[in-house]
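Please take some time with the sequence and the model below before reading on.

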Amino acid sequence: MTVYFEDESGYKLDFSPEEKLEKLIVCAAAEAGCPYELEVSVTMVTKEAIHEMNRQYRQVDRATDVLSFPMMEYDRPGDFEGKAFVRSMSVSPETQELILGDIVLCPEVICEQAEEYGHSQWREFSFLVVHSMLHLFGYDHIREEERTEMEREQKRIMEQLKIYR
């Protein structure tokens with residue numbers, strides 16, 4: 001597995017995100033049944049930068065906690081054998097790993113939400129990485145049945161990681 005990490009935010013969390021990412025990504029991939037070695041890019045940005053990205057890519061004019069940019073399409077969430085996945089599959093020529101996609105996090109919003117929800121920065125960060133990984137595996141939460149399925153998967157992965165609210 002290759003995790004490319006870049007911190008463009010200048011905002012410090014009370015733990016080292018770079019040291020924790022691989023554990024979160026490996027667990028999410030295993031729980032989703034991903035049969036491939038992965039390449040994932042994770043970038044931490046300022047509140048202003050994620051606000052602009054949210055406006056540009058989602059037409060939502062506010063800062064957000066995390067954005068996910070999947071490289072693959074899926075017939076169904078986590079369907080690693082479907083036609084859409086096979087057709088859109090992208091493999092790194094350097095590592096021969098599946099290029100899963102990009103995760104963009106805003107540590108300032110993560111800290112605000114951790115305080116608001118009454119849990120640690122680590123818990124909030126972990127939840128958002130798991131949430132984003134599920135998006136990279138084709139999960140979504142636009143429709144009610146999608147939301148229910150994604151929430152169930154998030155809860156299962158967080159329990160596997162032994163990270164609780």
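At what angle do α5 and α6 pack, and how far apart are their axes? In this predicted model, the two helices pack at an angle of about 130 degrees, and their axes lie 10 Å apart. With that angle, and given that the range from 65 to 115 degrees counts as roughly perpendicular while angles over 145 count as roughly antiparallel, α5 and α6 are therefore oblique to each other. Their crossing is right-handed. On the α5 side the contact is formed by Arg123, Ser126, Phe127, Val130, His131, Leu134 and His135, and on the α6 side by Met150, Glu153, Gln154, Ile157, Met158 and Leu161. Sorted by class, the residues of this contact are seven nonpolar, four polar and two charged.

Gln154 lies in α6, the helix that runs over residues 144–161, and Gln154 is buried, with a relative accessible area of 6%, because buried means under 20%. When its neighbours within four places in sequence are set aside, Gln154 is in contact with Phe127, Val130, His131 and Leu134, and these four residues are listed on the α5 side of the contact between the two helices.

After the helix comes Gly138, whose phi is positive, near 95 degrees.

Which other helices pack against α5, and how are they oriented? One of them is α1, residues 17–32, which packs with α5 at an angle of about 45 degrees, the axes being 10 Å apart. The helices α1 and α5 are therefore oblique to each other, and α1 passes α5 in a right-handed crossing. From α1 the contact takes in Pro17, Lys20, Leu21, Leu24, Ile25 and Ala28, while α5 contributes Trp122, Phe125, Ser126, Val129 and Met133. By class, the contact of α1 with α5 comprises nine nonpolar residues, one polar residue and one charged residue. Ser126 of α5 is named in this contact and also in the contact with α6.

Another partner is α4, residues 107–117, whose axis is 8 Å from that of α5, with a packing angle of about 115 degrees. These two helices are therefore roughly perpendicular to each other, and their crossing is right-handed. Here Ile110, Cys111, Gln113, Ala114 and Tyr117 of α4 meet Gln121, Glu124, Phe125 and Leu128 of α5, and the residues of the contact divide into six nonpolar, two polar and one charged.

A last pair of residues leads away from α5. Ala49 belongs to helix α2, residues 47–58, and Ala49 is partly exposed, with a relative accessible area of 29%. Between Ala49 and Glu108 the separation is 59 residues in sequence, and in space the two are 11 Å apart, C-alpha to C-alpha.

Definitions and conventions
Residues are numbered from 1 along each chain as its sequence is written. This is a predicted model: local features need pLDDT of at least 70, side-chain atom pairs count only at pLDDT 80 or more; totals for chains, interfaces and linings use all residues. Side-chain values use heavy atoms; hydrogens and water are left out. Axes are lines fitted to C-alpha atoms, for helices over the stretch in contact, and angles run from 0 to 180 degrees between N-to-C directions. Angles under 35 degrees count as roughly parallel, over 145 as roughly antiparallel, 65 to 115 as roughly perpendicular and the rest as oblique. A crossing is left-handed if the near helix is turned anticlockwise from the far one by less than a right angle, and right-handed if clockwise. Contact means heavy atoms within 4.5 Å. Ala, Val, Leu, Ile, Met, Phe, Trp, Tyr, Cys and Pro count as nonpolar, Asp, Glu, Lys and Arg as charged, and the others, Gly among them, as polar. Buried means under 20% relative accessible area, exposed over 50%, partly exposed in between (1.4 Å probe, protein chains only).
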